[in-house]
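Welcome, and please open the model in your viewer. We will go from stop to stop, selecting one thing at a time.

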Amino acid sequence: MAWLLLLAPLTSAFLVWVALRPYPRLSQAVSIAASGLAFLTALGIALGKVGAPAALSWVDLPGLRIEIGMTLDSLARLMLLMVTGVAFLIHVYSLGYMAEDPGRARFFGELSLFLASMIGIIVSTNFVMMYIFWELVGVSSYLLIGFWFEKNSAADAARKAFLANRVGDFGFLLGILTFWATCGTVAFDPGAARGLAGNWLAPVAALLLFCGCVGKSAQIPLHVWLPDAMEGPTPVSALIHAATMVAAGVYMLCRIFFVLELSPEALSVIAWTGGITALVAALIATQQNDIKRVLAYSTMSQLGYMVLAVGCASTTAAMFHLTTHGFFKALLFMGAGSVLHALHHEQDIWRMGGVGRKMPLTFVTFGIGAAALAGIPGLSGFFSKEEILQAAARNEPVLFWMAAFTAALTAFYMTRITLVAFLGKPRTKAAEHAKESPFVMGFPLIVLSVLAVIAGYSFFGIEHLLGGHEAEGKNPLVPMASLTAVLLGLTAGAITYGRANQERIAIPLFERKFYFDEIYDWTVLKLQEESARLLAWADQWIVGFVLVRGGAFVVSLGGEMLRLLQAGNLREYAFLFALGAGGILLLLFGR
Amino acid sequence: MGTPTLGHYLVLSGLLFAIGLAGVIVRRDLLIMYMCLEIMLNAANLSLVAFSRFSHQVRGQVLVFFVITVAAVEVAVGLALLVSLYRMKRTTKAEEITALKF
Amino acid sequence: MEGFLFWFAALVLLGSAVAVIVNRSPVASALSLVTMILALAGLFGLLGAYFLAAVQVWVYAGAVMVLFLFIIMLLDLKAEEGTPLRPLGVGAGLLILVLLGAGFWRAIPSSAWEANSARVAEANDATSIGHLLFGAYVLPFEAVGLLLLVAMVGVIVLSKKDV
Amino acid sequence: MHEGLWIIAAPEVILAAGGVLLLLVESVVKLQSRAVGVLVLGVHLIAGLCLLPFARTGAVLWDGIYTWDRFAVSGKAFFLLVGMLVTYLSLEGEQKIPTARAEFYILPLFCTAGMALLCSVRDFVLLFVALELVTVTLFVLVAYRRTDASSLEAGAKYLIVGGLATAFLVMGIAYLFGATGSTQFDGVARSAESEGVGPVLLLGLAFLLVGLGFKAAAVPFHIWAPDVYQGAPTPITAYLSVGSKAAGFVVLLRVLLLPFWNSAFQSHWVPLIGLLGALSVLLGNLAALPQRNLKRLLGYSSISHAGFLLLGLASHSFLGFASMLYYLLAYLVATFTAFLVLVLLEQEKAGETISDLSGLAQRSPLLAWSMALAMVSLAGIPPLMGFFGKLLVFFAAWQSGLHLLVMIGVAAAAAGIYYYIAVVRAMFWSEPVQHGPIALHPATRTLLVALNVGSILFGFYAKPILALAAGAVAGIGG
Amino acid sequence: MSPLTILLLVEAAAIGLILLGASPKKVSLVAAGTNFLLSLWIYAQFPAGVGGYHFVENHSWIALGGLPEIRYHVGVDGISLPLVLLTTLVTLAAIWVAPAKIKRASEFYSYLLLLSLGALGAFVSLDLFFFYAFHEFALIPTFLLIGIWGAENRQFVSLQLTLYLGLGSLVLLAGIIALLGVVPAEERTFDIPRLTDYLRENPLATSQQMLPFLLLAIGFGTLVSLFPFHSWAPFGYASAPASAAMLHAGVLKKFGLYGLLRVAMPLLPGGAEAWKPWILALLLGNILFIGLTTIAQKELPAMLGFSSVMHMGYLFLGLACWNALGVSGVVLLMVAHGLSAALLFAVAGEVRERAGEIRFAELGGLARRMPFVAVAFLVGSFASVGVPGLANFPGELLIFFGSWKSQPLLTAVVVWGIVISAVYQLRAVRAVFYGDLPQHLAETGDVEGVARIPYVLLMAALLILGIWPGTLLGVVGSGVKGFLSLN
């Protein structure tokens, strides 16, 4: 039964790919049914009605046994529910959002493939299985970002995403190999990991595995793909680049925490990476004009929080925030998508304005999401962020202050986009003529906004699922600080952008995203490009020309020389003949 | 001036052979080259007869007989060929019949 | 006496052989060759091969050399113009001479220098050669006959104006 | 002399008698030249048939100067095949012969007779005479197109260099005779056994090798080959490149196996032959690279094949000799195929350069394929005979410890692929210069197909040929 | 008669029929289809649990004093069976995608069949002679295929390829001879199983193994385009007609690896160990040097050619480390690479044919005009960069696992290859199929109808093996076990 989780979306993806592409309605139906089925199965699992099936052996060779199985512990259950739930909603939402796109059958097929891969990651029982689905998630993400492949920017963004992920996966695979070589297994087996304890390889393995997360969860320095990934259709941004896939990195860290915890050094690297990412992304977000990009940087920043939490050894906090963030970020993206849909894909917030009045449902739900993200008390985001700040405060004060400052920034930029996009006067014709989106798009917004409000409360049971609230060591300073930060951010945002019709602050460093893209263009890409050119030159001229054709040339030159012996003159022939005879005599008698 | 031994004859024949060979190499006229080939054959004959004499074997002389005959045959054919060549190219100089080369 | 005759014949032999090469005029070369052949016939005689000496004179001096002279006259060959021997050619010739000479010299066993005075009275060499020719060596003899036929046909084919 | 009256049935006798008879008849009744050609083929056939009953006979005749063993029989059969193929080539290419076409068919009979005789020699006198029979006939044949300056030039070059070789040969025989007092192979062997290998004997061996090296066209005595191959009438080029070369190798095998099959001798001639072989493969293959004239190219190629054959000889083992014989047959098939195609193309007034073959595949697939298979076989690519031959030769040489030699052979063979492939390229890639299909006589068609099939079949399934070769080598009884 | 012999005879008969004037494409298709079904039957009948060779046919072929006996000995074990399957499948696909109206069609299809016959023969032969002869036998058809039907620069490229491969084959021949030369005379045989058994019980001294192994490694290495003996490959494949490139890059090239696997490594383990550092160094050249070179390519077929060279690096790594994981991975990856390379070259052929353009700068947006081809190319690309779910991934993974324990650093560098290959492969996808559609490509048509079947077959095989590598690993395992008892 539990195999349905994987098989339903996989079958859907396969069917759509092979046969159903010419029939968009059928494809949509199949795909939505598959995601619904997956959600129901996940529900069944969460309620304990469906158990884990026996594992299948995928590769069984001496020294290496790789299984395809299912882990259905509490961590997986929570994640499954969140992922399948959000995915189902987004499938429904896409019905409306993609209604006019001619390629929507393909879109739904790819969504199904993504869902299957994501579920695969969640239920993995071992490193290799996780790696398999990990990569597949990358592939489906590539396909979905590049869904509008005829747009150059989308095509480039897809490639960038895949490559950045590949770099991370490179480390991940090496980490898996290190783990396997030391522990003798690829299973998620804390018992086996003891082989790593005290070993100098422990931090190496941990950090290599963390590379996977850096790529997938868009941590600095491999984060550059995420903002560009917004070139994909908005439901994709909501599903993959906000709620689920990017969170997979964090989920993976939690899943393999038994390796990470063997090495405090690695943990602190992870924590700092998360903290810095959170801060930098928030700073950048304050200066972006594209609504989806702001959301993307905020996603990155929130992922930084989660990684920070893992680095502070608080997987509970990380998972908590992961879940709530999944809800409200999906909500935000879908809200933004609703706006874009109405504005014919106008993404610049300065070319919107006053949309709130035309699209009340979207406005309200977006507002709830923004508030949750900003950490307004009483909404889910507040609770989960609080946990993380607590964890940071316990571990490293500097990180805590960074995180708090980030919280302020979050409130600031969320205020900024809400005010600029939804309030004020319409700044373009499109904004004036905006209309509320259809109900299929509105319905998921409503559901998610409800979740965004209640998910933080203990009655909702997330923390229960994760094994209880960590009561001990609550720092009273933390809520104070975070509240202050949020308020400061809100106020600053409201003051600055209350009635603004154009940008009031200009910080090029933030606007240009800390010049990461440029730096990469000038270093990594240039280096690769130039070395490729150099080597291609070397291959063509040194190996191909000098060695191969040179060798051939020397041989044919030898031929030409030998040919000159044959000058046609009989006297010379006689001489050579006699010389040969003399040579033979010399050989026979010369010794 | 003692009695000539086998060694004397062999040296003589060797010298003759070498002179003939040198002649083939240094002369340009095919006809003279051909004469030098005859010298070489004669050198071989001298060796044969000398060996034959000093080992009391007549078989060597039989070979000399054949060599002389064959030499005559070769000369006949060769000279006929040279005549044809001369008719064609108006020369018998080795330097001037080098159309086939390299 | 035998020693004297040998040295005399040897000198004539080598001298006329060298003369074949150094003479510019083809006729002179041919005549030197005749001299050489006659000297060789003398040496054959010294070695007791009287039959061969006779054949040498008949076939070589008589037939072959006449043929040569005839062709020289027929083709009206001029003396080689300029120096007949260019330094390069001479150098090459000398090199070959040295190489071969060294080979020959090394090859001659010391035993060859021992005077072999035990001159057995020769059987009539013409007889024994004849026995061999028509006995054991009848096959090569026939083959040589065939060779002569081939030569005849060949000469006709090669030189006759219109066949 | 009565003991072997059946020897009248020997091919050399029948061929010679047939030749004389045809000459006589031809001088009385004016026969058409093509009729003479067909008659000559008939003579070969008769000789072949007469050979059959005595294939298993063994005898040594005439005081031991003539032997009849399986090697001799195989050799005679081989040369009969060569003779027939040459005659067939002449039939196809006789338009190129200006005069005396009848004799052009008859003279090779004597030459083939000489070669057949060479297969049986056990005496240096007979060897000399038989060899001269071959050489002198070839002098005439090479210069046969006497209205053509290049044919005459080739003849003159062959004549002078051939004369040199003869002189060396005679000198060598003289020394051998002087050292051992015998002109017979076993006499030499016995003497070498009892008295050891003296310098005179070695000198004789050296001069003999020079003389035979000329026949085999092995470096450094190859110098005549390219010019003569290019200038001679094409059927005669084929004859030279297979018949004359094979004759040289047959004699080498006989000589090295009987009189010089002594370990004291071997230590001298094995490295020597190996060296000649290495030089030949290198020079032949390298100098062929820039060639554009096909006949000249095949001339250089034949030098390189002499090298490979010498490699087999240098391995001085049963396998080496057997592989050499196999290689000879492979070489025969491929070379004759190539020359047959060349002769046929000459009728089309095409030139002799590689580019004249352009687009042959479109004009006549059979010709193109035959030529291609010949080239590929010569290059040593499976599944053709040439490949298996090379494999055997290399294997034999390696087993005899001639590792460096094998390496050189491999490198040279690799270089050789270039020029063989260049011929294939011209035929298959390029567009034809002339157009229109080439008409072929059904017999020619059959012959080409037979040669191709043989080349493939016996390359892949070499067993029957190898059995013959092994039997022949065993027949010498070294 | 062994079904393996029938495989060979079917293709030979098809060539015969074509020569006799039958419709070339139809005959070839029928022959290839028959062979594919037959090989599937062989696979189905293959007793995976039992080691050793099956479907054996063994006659004496040539026996001569002094020459080791040559036998007609065919059979498959777990290592060659996958390659036989690969050959028949790719042959079918290659023949199917070939245009029926090509110039000199009967020649074209005969050469394709000859190429396939050579590969098939080499893979089923258990006798060194046949093993070698069958492979080299395909040399001339390749030469002609590229030379006559090739694209840009075909003359030079084809000549270079043929000479290079000819040289490699001859070095290989020397290697085989040298190998037999070090075996005591009375034990010499061309029979691979017998030789293996003998050398297993009586290992040679390492010093004796050095030269033969070197020659074999250079010979086989050249045939597999081991750096720096690769110059023949990229542009050769770039210029070859699609079907020829599919068969050569996909199938025939595997011969070299198969030879190392079957002959060089098991028979000369000492030599392998001694030369291992060199092989490891050279394979880095394949991965890094050629990998980066691939990035710089500006034309689709050339890029595919270089990428095919680069991928050989993984296979050499798996071979060099010589353990159960690595060798299983090698067999799997050989098959997978064969399939993916065939698929990609087929697509490149379609692009060349239909768009009339191969330069990246001039292409773009073709996914809109030819969605099916785009999908095929994507699948091929993903397979080639080692995405899970497609056959290359388990192969590469097993190789990495196999080599990690003994060569962690080197493996790490090689793993970086998955990033490099993603860079160039996705760049190609981007340049050819994504982005703007230039005006001159607006009329490009897609592959339709039955012409899609070969692509579907290749993709299906990639998927099946990727999702469930057990379909082959079970078979491979039985073969690998036999080898590894060697050391």
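What follows is a short tour of selections, with a note on what you will find at each.

This is a predicted model: local features need pLDDT of at least 70, side-chain atom pairs count only at pLDDT 80 or more, and totals for chains, interfaces and linings use all residues. Residues are numbered from 1 along each chain as its sequence is written, while chains are lettered from A and ligands numbered from 1 in the order in which they are written.

**Stop 1: chain C**

You will see six helices and zero strands, running α-α-α-α-α-α from the N terminus. Helices (H or I, at least four residues) and strands (E, at least two) are DSSP runs, numbered from the N terminus. Chain C has 163 residues, and 40% of them count as buried. A residue is buried if 20 or more other C-beta atoms lie within 10 Å of its own, exposed if 12 or fewer, and partly exposed in between, with C-beta atoms placed from the backbone.

Now colour residues 1–80 of chain C as domain 1 and residues 125–163 as domain 2; these bounds come from an automatic or database domain assignment. The centres of the two domains, taken over C-alpha atoms, are 23 Å apart. Of the contacts in chain C between residues at least 6 apart in sequence, 55% join residues at least 24 apart. Two residues are in contact if their C-beta atoms, placed from the backbone, lie within 7 Å.

**Stop 2**

Chain E has no contact with chain C, and their closest C-alpha atoms lie 36 Å apart.

**Stop 3: the nonpolar core**

Select A:Val250, A:Ala330, A:Ala403 and E:Phe345, the residues with the most contacts inside the largest nonpolar core, which has 795 residues. Such a core is a set of buried Ala, Val, Leu, Ile, Met, Phe, Trp, Tyr and Cys residues joined through C-beta atoms within 7 Å. Helix α13 (residues 318–347) of chain D gives the most to this core, with 23 residues. Both domain 1 (1–80) and domain 2 (125–163) of chain C give residues to this core, so it lies between them.

Zoom in on A:Ala330. Leaving out residues up to four places away in sequence, A:Ala330 touches A:Val86, A:Ile90, A:Ala238, A:Leu239, A:Ala242, A:Ala243 and A:Leu448.
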